[in-house]
Amino acid sequence: MLSGGQIVVEVMKKEGVQKAFCVPGESYLGVIDALYKHPEIELISTRHEGGASFMAEAYAKASGKVGVCMATRGPGATNLSIGLHTAMQDSTPLVALIGQVERPFKGKEAFQEVEFSEYFSHLCKWAVEIESVERIPEILHRAFYTARSGRPGPVVVSLPHDMLEDTMEYAEGTVYDYEAPEANEEIVKRVLEKLYEAKQPIVIAGGGVIASKSSKELARFAELMNVPVATAFRRFDAFPNDHVNYAGWLGFGSDKKLLNYIKNADVVLSIGNRFSQVTTQDYTLIGDQAEIIQVDIDQSMIGKAYPAKLGVISDAKRFLQKCLDLIKPVEDEKREKIVKDCHEAYLLSSTPPKLTVNASYAEMNAVVAELLGETMENTIITSDAGNFFGWISKYFRFTNGNRYIGPTSGAMGYGLPGAIGAKVACPDKRVISFSGDGGFMMTMQELETAVRNNIPVIAIVVNNNMYGTIRAHQEKHFPQRVVATGLTNPNFADMAKLFGCHGEQVRTNEDFLPAFRRAVDSGKPALIEVITDPKLLSASDAMQKTQTAQ
């Protein structure tokens, strides 16, 4: 005879869960207590539910497993929702276990009561409440299956407090197998024929390529087809950035040559990419003349943003493997020139300028250039949203197994907890987070989580004392009318030391690399605060100032 809480843990074990992130709460203490006897599942207690959900989301991306987070009812659950929204937009498999009010009290506006099925219905793939202990194995196994199958995403499982205390004779449930869809040979031949005939083709690689670990297959496909490849917003590592067929990334501040090339493309092959608003430059990227071939694991994605000439329901890796079985190498001088020109344009636009504009501040172009020299292999970069990210996307090249993990939802506060989740998943890799001062202070309390659990991430905080992205929009649309975007900050390096971290503050370009090396050598969670010029709100601003100075 097992309690509901114990059965939840038995299902987690059977599903292969090894890590879970939470803020403990009385409404699901039955699950926490059951974990006491199962140290093979490490429960990492965080300082805020938003941090817990970000950690679980990044852990899932880095490990390829289903992330698990837990929270109590009401305030705990709603705090958790930011990471669930991130998981939904990023197609990340995640299961959130949430305590709920006692069943007899539901509908009475009981203490911290929220109707989770309604609240999370648009944030997640599925939100379900388990009403009886007998149904825990069935529903919870289905929740894990739903999270990882098709287009992956988050699932919320609500657990009434009293249900977790009920008992039953436990019988093991079933872990659902999932067979990813595969395109048939005829439709693959049609795709290849379209590309053979194309005059100005482009491949756009999205998260489906990363999730299926098919970057190598895509690289070989691009070589044989003689076609340039661009990566979708915040999917930099879907294709090796040093490959001769790499044309660059799509998002805020993309190279105009790449955008113009795609706007005039006659065939666009999208693989595992949902054509987000940012990737498509507000849905203006693709011209009416283009024939779109959309390959996606989820049929509901086909034609959702653009009409697809040909929709292919397939796992990205299986599609590319079948293409490689059938492809005939394209030997065409015009196509070779296209590929070469696209890659050279990317290299030109992604090389940081070396001229110092203002010696009183550290410059992000120099920071990224120095960092590139230190991150040789197997480094994970995480980040928040913010204008500082423009330098990362523009100048950091994801090669040699380096990975990027960040929110396509643009969630602030992701960088540090995302790094913690990624480091828990990949303890042998160096994990570096980037945050602006605004976003960092939303989840900086997770430094304590890193120290307590001995998770040696390196947090780089880019400090210009403002909400930089919003200030940039403010200056553009309402010039000289600054409202609500200015900030004051503590000395982040000193604050990090109080948490038990290694902390340093950098004010010049020359100071960054020695500080970074000391942070690595410390073996502890570390923070490097980079003081930047508040007048340089973006990488393009810095480039313009550099060109003017020259």
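I looked up strand E19 and found it joined by 5 bridges to strand E20 (residues 526–531), the two running parallel. Strands here are DSSP runs of at least two residues, helices (H or I) runs of at least four, numbered from the N terminus; two strands pair if DSSP finds at least two bridges between them. Val-506 stands opposite Val-530 in E20.

The model is predicted: local features need pLDDT of at least 70, side-chain atom pairs count only at pLDDT 80 or more, and totals for chains, interfaces and linings use all residues. Residues are numbered from 1 along each chain as its sequence is written, and side-chain values use heavy atoms, without hydrogens and water.

Next I noted the sheet. It is open, has 6 strands in the order E16-E15-E17-E18-E20-E19, and its pairing is parallel. Its edge strands, E16 (403–405) and E19 (502–506), each pair on one side only.

I then checked the pocket entry. The second largest pocket has a volume of about 310 Å³. A pocket is an open set of points on a 1 Å grid over the protein atoms alone, where a 1.4 Å probe fits, with protein on both sides within 12 Å along at least five of seven lines; lining residues have an atom within 4 Å of a point. The volume is the space filled by probe spheres set on the points, which are joined across faces, edges and corners. Of its 16 lining residues, Met-88, Arg-151, Arg-274, Met-301 and Lys-304 are the closest to the centre.

Where does the second largest pocket lie? Domain 1 (2–168) and domain 2 (185–349) both give residues to its lining, so it lies between them. The domain bounds come from an automatic or database domain assignment.
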